[in-house]
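This report describes selected local features of one protein model. Please look over the sequence and the structure before reading on.

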Amino acid sequence: MPSISQRVEEHSISSSAALTSASISSPFGLPLDPHELKGKALTTPYNLLLSTNYLLSNTIFNYKLPGQFEESENIDNILSLWANLQRKNLNKKTPKIHNLDIRSGSGDLLFGYLNNAKEHEHISVVLSNAALTHMEPVLLKYHGTYNSLPISFQVSAVDFNSQNGNLVSTSAAALSVARNLKLPVLTSFNGVEAQHFSIVSSVLAQLKVANVHLFDGLASLKTNQTIGAVLPSSQIDEISKKLYAALSDKIEKVHSTSKISLALSELNKILNTNYQPFEQYGDKNAETTFVVYSTSEQTVNLFKQIPKINSKVGVIVARVPLPFETAEFNKLVFKNSKKLVVVTEALGATNSLKLDIQASLFFDGVFIEVVDASYPSGVEFGATQLESLLNQHILTSEIASAGSFFRFITNDNSRFIDVPSKITHSLSLVPDLNIKYRPKFDNSLNAGLFQVDLQVGNVVGNRVDVTFVEDAAILNKLNVLKDLKPSGSVLVLGAVDEKFDEEKLITKTLSTKTKQLLAAKKFNLTFLDLNAIGDEEGTKGRTSSIAIQVAFWKLAYPELDVAAIVTKILQAFGSEAELLAAVIAEEVEKIQEIGLKEIKYSEDWLKLELAEEEDVPFAEFKETSFKPNPREDFIDETVVKVENSNQVTKKLMFKEAYGVDTALRPDLPVENFIVKVKENKRLTPAEYSRNIFHIEFDITGTGLKYNIGEALGVHGRNNPQLVDQFIELYGLNPNDLVEVVSKENEQIFEIRTLRQALIENIDLLGKPPKRFYESLAEFTKDDKEKAKLTELVSPAGAELLKTFQDEKFYNYIDIFEIFKSARPSAQDLVQIIPPLKRREYSIASSQKLHPNEVHLLIVVVDWVDTNGNVRYGQCSKYLSDLAVGQELVVSVKPSIMKLPPKTTQPIVMAGLGTGLAPFKAFLEERQYQLEQGQEIGEAYLYLGSRHKREEYLYGEYWESFMAAGVLTHLGAAFSRDQPQKVYIQDKIRENINELTELIAQKTGHFYLCGPTWPVPDITACLEDVLEKDAGERGVKIDSAKEVEEMKEDGRYVLEVY
Ligand SMILES: Cc1cc2nc3c(=O)[nH]c(=O)nc-3n(C[C@H](O)[C@H](O)[C@H](O)COP(=O)(O)OP(=O)(O)OC[C@H]3O[C@@H](n4cnc5c(N)ncnc54)[C@H](O)[C@@H]3O)c2cc1C
């Protein structure tokens, strides 16, 4: 293996222009010309396949892959990119690329096209496993003719599993379609083969042999890697012509089952290769032989290792699964074989390959035991599966691992998301080193995670040497030790703005489950203390990225010295930054000295008890998408501009002298947490006037704890687009730094850019009070405007002020549009507009049932001003617009909405609209109590809305609580669903007898939540209940007074807003 510390001056990326399009998905950039790929290339097998097809075809039908997005995304549509750039094929033409969606009936277009096509024209169809399934009925319509059509299907074994939301590599459905349609299938296992078989497939199509070239799904699409011996376009031309000439007079003469093997043998003559329909490895007389069919290079390579560790075992890899060439297979058969184990992906109940093999052997009178070892469709067959298969059949499980395997897991909006591609880039500059960079996105976990698997050298198996994890939350969420080698390391990033505190880290940050896992597997953690390293002047803005790279090199290749690491870092940044080697060398030393901290596991951790909410399995990283969750970053980076040499800048630059503390919204005395949106779903129909929505936040790893009935304080943001428009209209510099004084605690201030402050701190869309107009008058240059402002705040202007405030509903932006000469400076502006206040929302979930989630039920506040414009409440609108994965700051507010002290005490709940939120939490808590075997009291729920169809919020959920015995009675009043109006209080009155028993005799609690208007009616119901009870007891009471007492005792709880 080459030394990775080797320095090279030249890099081997095929075109430096390509680097301009480098991204985290394709760190070596995209080839901008299919003629550019040759020799040793850094690209994906898929790009190679597409380029070969592009060069050989005049017409390509390109069906969208699952997980593929807009056409503008080059990664998914490199064919169109080349066509748009007018890149020519081998016929000196720009191919026509038809980009198509998959739908039923896909395929009619192809036949229509071919009917009108010129003689000798062939087409390439690029599609997925799933798309071929959609085409099957159309192809069957042309029964008998399609086999002789000039089509080559380039099928990637990829699909989207809608049941679990994963992208998966699978070829089972494509194989089944090909079997039904009697289409021959040729399989390539790597980039070089993908190119060779694209040529075969295209030449066969030219000779009117419709065929399928199947290649691996996700790995070939996404693994950016070193591919050696890539054919240049001139050679592709030459080979395809030779192959065409060799086959043209023979192909018609051979039986349809032998056309592919004929093509392979002719290709072998031209390329000096040894492709066979079935390729055999190991001793031909082996006792046990594994017959493997897979499109995965990794799986095939794993099997090829087996004969090396056990000479009694042989392996046959099926390259041409269809048509099954009996003669070719039986040629291989092994005199002393006792058992054939058929390993293939299962589709339905039958293992078709096994049946083919059995039939084939039977034909020749060979009787060997044939065993089915199919694995579920869509499951990656890795080292673990292989080990268990070997244990079953040959009693050995040691698969030697070779090469190095590194894994990086970050949030998908991380500042450090490009670090793995930077490291990969430096590694790509080491000559003769094979690398594979495989990015994956899980959009559902922690509201969006990004994982890169980086393989260096010829890796066998999937055991990891170093895992880098961006934060402890990820460590607590995923079992990162699962694939780690016993000698492997885990590198975790410490928070940039938090002092490293080992004690706190162990007791608070690491979950008990994580600690137990570390202790059980005897792993220490390496922490990178970014806080201690700080942001160095010479590498400003890049210090943390450099620190991570240094830590990686230290753990992955401990033999590297400072000079070698410095070279790696300079290579990683390339021309992106002007970095001085001497500066980096100093930092590398500093990082090694003070940045890396080892957290040793303790045997005692094994004795720790798991809290209930932690007693859930670790999550699995699933590949759900080809890109990150779409969202905005939560907090902009503060831009410190030197020309802004005012007090504020100084304060930021000399933090200690000025006592500036950086914290998450330091103005707020309560504890804040950053959470991520997990789900945001409108519950009312789109055409309905009220938008009521259910929103869930993922709080994994944040330490946020809440009790039943508590509310969530939400720090909404002002719409960034509106703020940007305002800044432009006003003529401000968004990067000016301003000091925002906390109104709640005047001792503390924070420094932000003006843009940040207007988005996050200032109530720009709120209602300007009279004193604002007073202050504004001082900044107005125009006499007329000044006079108007003065009038507005005088007694004579009261009427006009009312119009401004309560009819026109002008906000601050509107006012600055009206008073154009009033332009306070950025700093004055943020002082005269009051701060943005957090809003509260009743929590609609129980943490017992949802340990890592908070649910809210919210209505978007909206109204129309006298100009007919719809206006929205600041926070409810902000929340309704949040996309999954977006982050926000929240806090927990204590509440009086508490469940009764005893689980057996009855609860009566009345809620209108979003007032139902805390009752969902109540019932979930009761469900939990029931599941724990506790006795629970009666629960009555009353709800009201206009129509069941539009506002039966959580309707099915309540019904399921009824079915589970958690809810005793559901009284739903849909006021307008029948001729006479029925309100919530009518429903309550229907149960006066039962309620008397529950409230008065069984000391039940009564809760009312939501808007204020039903309070008098419902309070009257409660008074009636108390009077009825008093009547039954023969006593006289002052029911109003008793209700007040119930309130004081916390037995009549109102949460109205
Ligand atoms: C304990 C508690 C629990 C709550 N629970 C929930 C819940 O579960 N679900 C829920 O949906 N809500 C709940 N709320 C209400 C919630 O806190 C907010 O008040 C609500 O969402 C409105 O906030 P907003 O920012 O959208 O509207 P805001 O921007 O605050 O507007 C509110 C009102 O202010 C007026 N206004 C706003 N801007 C202007 C202007 N420029 N000029 C003149 N007038 C203006 C309008 O009358 C408007 O209706 C709860 C409140 C409390 C106190």
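Helices (H or I, at least four residues) and strands (E, at least two) are DSSP runs, numbered from the N terminus.

## Basis of the report

The model is predicted: local features need pLDDT of at least 70, side-chain atom pairs count only at pLDDT 80 or more, and totals for chains, interfaces and linings use all residues. Residues are numbered from 1 along each chain as its sequence is written, and side-chain values use heavy atoms, with hydrogens and water left out.

## Backbone features in loops

Most residues other than glycine have a negative phi, and most peptide bonds are trans.

Lys-92 has a positive phi, near 65°. Its place is the loop between α2 (78-84) and β3 (96-100). Lys-92 is exposed, because its relative accessibility is 68% (buried means under 20% relative accessible area, exposed over 50%, partly exposed in between, with a 1.4 Å probe and protein chains only). Phe-809 also has a positive phi, near 50°, and lies in the loop between α28 (798-807) and α29 (812-818). At 25% relative accessibility, Phe-809 is partly exposed.

The peptide bond from Leu-322 to Pro-323 is cis, with omega near -10°. Pro-323 belongs to the loop between β12 (313-318) and α11 (326-331).

## A nonpolar surface patch

Val-864, Val-870 and Tyr-872 make up a nonpolar patch on the surface. Together the three residues have about 280 Å² of accessible area, by the Shrake-Rupley method with a 1.4 Å probe, where for residues only the protein chains shown count as cover.

Tyr-872 sits in strand β30 (residues 870-872). With a relative accessible area of 41%, Tyr-872 is partly exposed.

Conventions. Patches are made of residues with over 30% relative accessible area and no salt bridge: like charges are joined within 9 Å, nonpolar side chains (Val, Leu, Ile, Met, Phe, Trp, Tyr) within 5 Å. A salt bridge is a side-chain nitrogen of Lys or Arg within 4 Å of a carboxyl oxygen of Asp or Glu.
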